[in-house]
Amino acid sequence: MKTVTLGVSSRAASKRRLAAALAGQAQGEFITFATVELLWKVLTAKRWEILRAMTGQGELSIREVARRVERDVKSVHGDITALIDAGVLERTAQGVCFPYDAVHVDFTLKAA
């Protein structure tokens with residue numbers, strides 16, 4: 001099963017993970033955001049629905065994604081474009097792909 005971890009990571013932590021990967025240490029699959037606020041801005045409730053519908057499904061057309069989440073194609077297209085721009089989804093020749101079978105979300109909330 002191919003799992004991606006969505007989380008919040010500093011630039012320094014991301015660089016350490018990259019250096020370890022370049023040294024041959026398996027790091028797993030990560031999509032990181034600079035802040036929790038940015039993560040929630042990109043991953044809205046409607047976009048989570050899209051990810052849930054696409055997880056483990058391979059390549060799908062935008063029209064098919066819209067059908068699966070029971071929303072209009074235009075609004076789903078806008079959300080998919082935002083997810084592609086954020087590096088969460090991949091554009092393909094036939095539509096879009098979320099190439100993972102599972103999603104793990106990881107971040108720590110600290111006192112202000």
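Trainee: How many salt bridges does the structure hold?
Mentor: Four of them. The term stands for a side-chain nitrogen of Lys or Arg within 4 Å of a carboxyl oxygen of Asp or Glu. Mind that this is a predicted model, where local features need pLDDT of at least 70 and side-chain atom pairs count only at pLDDT 80 or more, while totals for chains, interfaces and linings use all residues. Numbering runs from 1 along each chain as its sequence is written, and side-chain values use heavy atoms, with hydrogens and water left out.

Trainee: OK, which residue does Arg67 pair with?
Mentor: Glu64, with N to O at 2.5 Å. Side chains of opposite charge can pair when their charged atoms come close.

Trainee: Why are Arg67 and Glu64 about one helical turn apart?
Mentor: Because they are three residues apart in helix α4. Helices here are DSSP runs of H or I with at least four residues, strands are runs of E with at least two, and both are numbered from the N terminus.

Trainee: Which other arginine does Glu64 meet in a salt bridge?
Mentor: Arg68, at 2.7 Å from N to O. Glu64 and Arg68 are both in helix α4 too, four residues apart, so about one turn of the helix.

Trainee: Is Arg67 buried or exposed? And what about Arg68?
Mentor: Arg67 is exposed, with a relative accessible area of 56%. Arg68 is partly exposed at 33%. The cut-offs are under 20% relative accessible area for buried, over 50% for exposed and partly exposed in between, using a 1.4 Å probe and protein chains only.

Trainee: What does Asp79 pair with?
Mentor: Arg71, where the closest N and O atoms are 2.7 Å apart. Asp79 and Arg71 are both buried. Salt bridges with shared partners tie Arg47, Arg71 and Asp79 into one network.

Trainee: Switching topic, how far can I trust the model? What's the mean pLDDT?
Mentor: The chain averages 88, and 95% of its residues reach 70 or more. pLDDT is the predictor's confidence in each residue, on a scale from 0 to 100.

Trainee: Which element has the lowest mean pLDDT?
Mentor: Helix α1, residues 11–22, at 73. Helix α4, residues 62–69, has the highest, at 97. Where pLDDT is low, the predicted coordinates should not be read in detail.

Trainee: What's the overall layout, in what order do the elements run?
Mentor: From the N terminus, β-α-β-α-α-β-α-α-β-β-β. That comes to five helices and six strands. The C-alpha trace spans about 40 × 35 × 20 Å along its principal axes, and buried residues make up 33% of the 112 residues.

Trainee: Where does Gly7 sit?
Mentor: In strand β1, residues 3–8. Gly7 counts as buried because its relative accessibility is 5%.

Trainee: What does Gly7 touch?
Mentor: Leaving out residues up to four places away in sequence, Gly7 touches Ile31, Thr32, Phe33, Leu39 and Asp106. Contact here means heavy atoms within 4.5 Å.

Trainee: And Phe98, where is that found?
Mentor: Phe98 is in the loop between β5 (96–97) and β6 (102–106).

Trainee: A loop residue, then. Buried or exposed?
Mentor: Phe98 counts as buried, because its relative accessibility is 1%. Beyond residues up to four places away in sequence, its contacts include Val4, Leu51, Met54, Val88 and Val103.

Trainee: What about His104, where is it?
Mentor: In strand β6. His104 is partly exposed, at 42% relative accessibility. Setting aside residues up to four places away in sequence, His104 touches Thr3, Val4, Thr5 and Leu6. His104 and Leu6 are 98 residues apart in sequence, yet 6.1 Å apart from C-alpha to C-alpha.

Trainee: Last one: what is the phi of Glu70?
Mentor: Positive, about 55 degrees, even though Glu70 is not a glycine. Most residues other than glycine have a negative phi. Glu70 lies in the loop between α4 and α5 (73–85), and it is exposed, with a relative accessible area of 73%.
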